[in-house]
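Please look at the sequence and the structure before reading on.

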Amino acid sequence: MTTVQETGSAPADERPIGYGRLKRKEDPRFVRGKGHYVDDVQLPGMLHGAVLRSPLAHARIVSVDTSAAESHPKVRAVITGATLEGLGLAWMPTLSMDTQAVLATDKVRFQGQEVAFVVADDHYAARDAIELIDVEYEPLPPVIDARHALDADAPVIRDDLEGRTDNRIFDWEAGDRAATDEAFARAEVVVAQTMLYPRVHPAPLETCGCVADLDPVDGKLTLWSTTQAPHAHRTLYAMVAGLPEHKIRVVSPDIGGGFGNKVPIYPGYVCAIVGSILAGKPVKWVEDRSENLMSTGFARDYHMDGEIAATREGRILAIRVKVLADHGAFNGTAQPSKFPAGFFHVFTGSYDIEAAHCAVTGVYTDKAPGGVAYACSFRVTEAAYLVERLVDCLADELKADPAELRMKNLLRPEQFPYHSKTGWEYDSGDYPATLRKTLDLAGYDALRREQAERRARGELMGIGLSFFTETVGAGPRRHMDILGLGMADGCELRVHPTGKAVLRISVQSQGQGHETTFAQIVAEELGIPPEDIDVVHGDTDRTPFGLGTYGSRSTPVSGAAAAVVARKVRDKARIIAGAMMEVSPDDLEWEKGRWFVQGDPTAAKTIQEIALAAHGVLELPEGVEGHLDATTVYNPPNLTFPYGAYLCVVDVDPGTGVVKVRRFVAVDDCGTRINPMIIEGQVHGGLADGVGMALSEIIAFDEDGNCLSGSFMDYLVPTALEVPAWELGYTVTPSPHHPIGAKGVGESATVGSPAAVVNAVMDAIGVRHADMPLTPGRVWLAMHGGVEAP
Ligand code: MCN
Ligand code: CUM
């Protein structure tokens, strides 16, 4: 395995791909306020929808009286569960093969659940009219704490499912239980730790919404929608509503952040479509902040009982974990079908261990559905947090230095491709080099000396490390599908006669800069400057099929497709260049942007000249159709395995428990770096996410199931004041199976950072474990031997 250790900060050093730190093509419209979001869509005669939501977490619906709302002068339609039942649309499939109520018919199962939908002339009238709907509820005892969901006397939440007698969704396991138990039995040291990765929310700036427009004449439905996966959504709408797929167009315009929140199909979208059908006019529905926080795809909520086994010298032997996964009232998690716990089974992390086993049980509770959103790469966040907390617990037990303990157990470069004990094939890595770089950048030894001095003065300074391995780029279609749709991505490239190009991709940008980086990939392969390449995405009528953006799969899958399709065009250009110069294509050599005759570099045709000839009158060889274009479908042979080493320095106020993140050093390895500036932006955002989850964010409930985090006054996302100036580094270990060696990076920092922050706080206060979010109250309690209920 070749490892390119890049150390320089000069832009030239970080340019395995041409054009490096190209400024984002999409930014001129964003910074000038000229972005076009779903809420900017205005259509003639457009109506507005609003959702009536349940005030109770669990209750039987006795009656719904809509008469007052219907007589509101500006109301055009009132839709209830009964309306939808008549259309066969009261329930819809979720991405996890469960069913979810679009509008409740029998019971409500979480606070904020959709009960009715009003369509009115304007947004205000719609909101007024939902207040006029009179719903009689018969309250039922709710299941709020997942740890009691399987109690014998727990109320059955999903009595709509046939034969259902409890709240169990699934039991799933990975690894070798017997080998793991055997390794634990002979281990000299075993450390066990229970931990909760609390429920959090992606909370993108733009909430979810759509505009549905059914053209009554040609029967075509156009849906402008905040979706990270327009093609998959279109197929699902076709399947659910029985609409012909070619008569549905899903447009995902500019998206103001997704972070996984915009992967699922929400009841509001379906209601807007039904509203448009019933009213015969376009219907817009955009949720407000509270609706977004209370009812849309949450993340995490994993109760984990972890154990780590080691020798006294600190050699890690095995890890095992039991997980109770709180999935809320409907199992709406998004992950490849065969993996109900996502990719959680990468929890052995970055270490060379003998055996591992996990058992995950998913349960229903009376909370909002969802389950993998928030930059998670399908539960890798939970996995990385588990193993990185366990390693620190082990260090605490052994009185070992956490950096040395990690260095001793990290996979070594010669072990790649590495077959993990839970079934993964890690593609490439040089872990020790990356950890060493982090320690050097941070000045680890000096930090430890400073810490000792401060401790002597009674100050609480903490240093926390984490090393993570991610599994991104789902995925090989033989193993990975969502609702039977294989996870391969299509891509089309057309070079116009004048040498300008259009690249059509199936993935969807929510802020990641695809219009720039995908142009850079094609530019690198064809030598056409990126400004001459238009990247089209987010419109099912204008782009080829693919499963969308999540799990940092765009670069690993569609990025690969872009490189492959560009190479196809290059191959075709070679044949045409041969015809132009009347030489055999075999005698031509490629140099970025042109084909030239071997031995005579002056005899050459540029890609632009070739494009014109391909559309001209030139006699083309047998079997060459003319024009310069190609299509491809890329089915990745494996996932990519980006990784990184993070170090966080905190100061804790001994009197108040307030945590100040003083420094954060992050060294990432995402293989070949397409645009380092964009990568840094992705990492900055992810690190801020991590600090938020570690210190302040939680979707909390009281015992009646009232959501206590329905606004940004209660759900505390970090601001610039809570985060330090990030210190970034990188190493480059290309993926051996990706056409340009790139791995994903969009979620890396969110995956890797929470453990580093928590490890730092525990190091500062000398406590083995306390659960996130480490609010001042919780830290103070932990320091004084107390624990706050989660
Ligand atoms: N990139 C690169 N070189 C690499 C890898 C990536 O230059 N070796 C670039 C890519 O070309 C792309 C960006 O970095 O422009 C992120 O790429 P990738 O890792 O492939 O991730 P995706 O594009 O698939 O983005 C999804 C990922 C996920 S799943 C979440 S959640 C998340 C994230 O990206 N949501 C985001 N980052 C986000 N950033 C913004 N601004 N908004 C969101 O909603
Ligand atoms: Cu899991 S959040 Mo991202 O995969 O869209």
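How many salt bridges does the rule count? The count comes to 60 salt bridges, where a salt bridge is a side-chain nitrogen of Lys or Arg within 4 Å of a carboxyl oxygen of Asp or Glu.

This is a predicted model, in which local features need pLDDT of at least 70, side-chain atom pairs count only at pLDDT 80 or more, and totals for chains, interfaces and linings use all residues. Residues are numbered from 1 along each chain as its sequence is written, chains are lettered from A and ligands numbered from 1 in the order in which they are written, and side-chain values use heavy atoms, with hydrogens and water left out.

Lys 284 and Asp 39 form one salt bridge, with N to O at 3.2 Å. The pair links distant parts of the chain, 245 residues apart. Lys 284 sits in strand S14 (residues 283–286). Asp 39 sits in the loop between helix H1 (27–31) and strand S1 (47–53). Helices (H or I, at least four residues) and strands (E, at least two) are DSSP runs, numbered from the N terminus.

**Domains**

The domain assignment gives domain 1 (38–140 + 207–255 + 262–295), domain 2 (298–474 + 638–783) and domain 3 (488–634). Such bounds come from an automatic or database assignment. The centres of domain 1 and domain 2, taken over C-alpha atoms, are 37 Å apart. Their contact (heavy atoms within 4.5 Å) takes 22 residues from domain 1 and 24 residues from domain 2.

Domain 1 and domain 2 bury about 1700 Å² between them, 59% of it on carbon and sulfur atoms. Buried area is the accessible area (1.4 Å probe) that two parts lose on being put together, summed over both. Nine residue pairs are in polar contact, both residues at pLDDT 80 or more. A polar contact is a pair of N or O atoms within 3.5 Å; within protein, one must be able to donate a hydrogen and the other to accept it, and residues adjacent in sequence count only if both atoms are side-chain atoms.

On the side of domain 1 that touches domain 2, strand S5 (99–101) and helix H8 (289–295) each give two or more residues. H8 gives the largest share, five residues.

**Ligands**

Of the 33 residues around ligand 1, Gly 258, Gln 512, His 514, Thr 555 and Val 745 come nearest. A residue is near a molecule if one of its heavy atoms lies within 4 Å of it. The residues around ligand 2 include Phe 259, Val 372, Tyr 374, Cys 376 and Glu 747.

| Ligand | Residue | Protein atom | Distance |
|---|---|---|---|
| Ligand 1 | Thr 517 | side-chain N or O | 2.8 Å |
| Ligand 1 | Arg 553 | backbone N or O | 3.4 Å |
| Ligand 1 | Gly 746 | polar backbone | 2.8 Å |
| Ligand 2 | Gln 228 | polar side-chain | 2.9 Å |
| Ligand 2 | Gly 260 | polar backbone | 3.2 Å |
| Ligand 2 | Gly 551 | polar backbone | 2.5 Å |

**Backbone features**

A cis peptide bond joins Ala 474 and Gly 475, with omega about -25 degrees. Gly 475 is in the loop between strand S21 (460–469) and strand S22 (481–482). The bond from Met 772 to Pro 773 is also cis, with omega near -10 degrees.

Ser 552 is not a glycine, yet its phi is positive, near 45 degrees. Ser 552 lies in the loop between strand S26 (533–536) and helix H14 (554–581).
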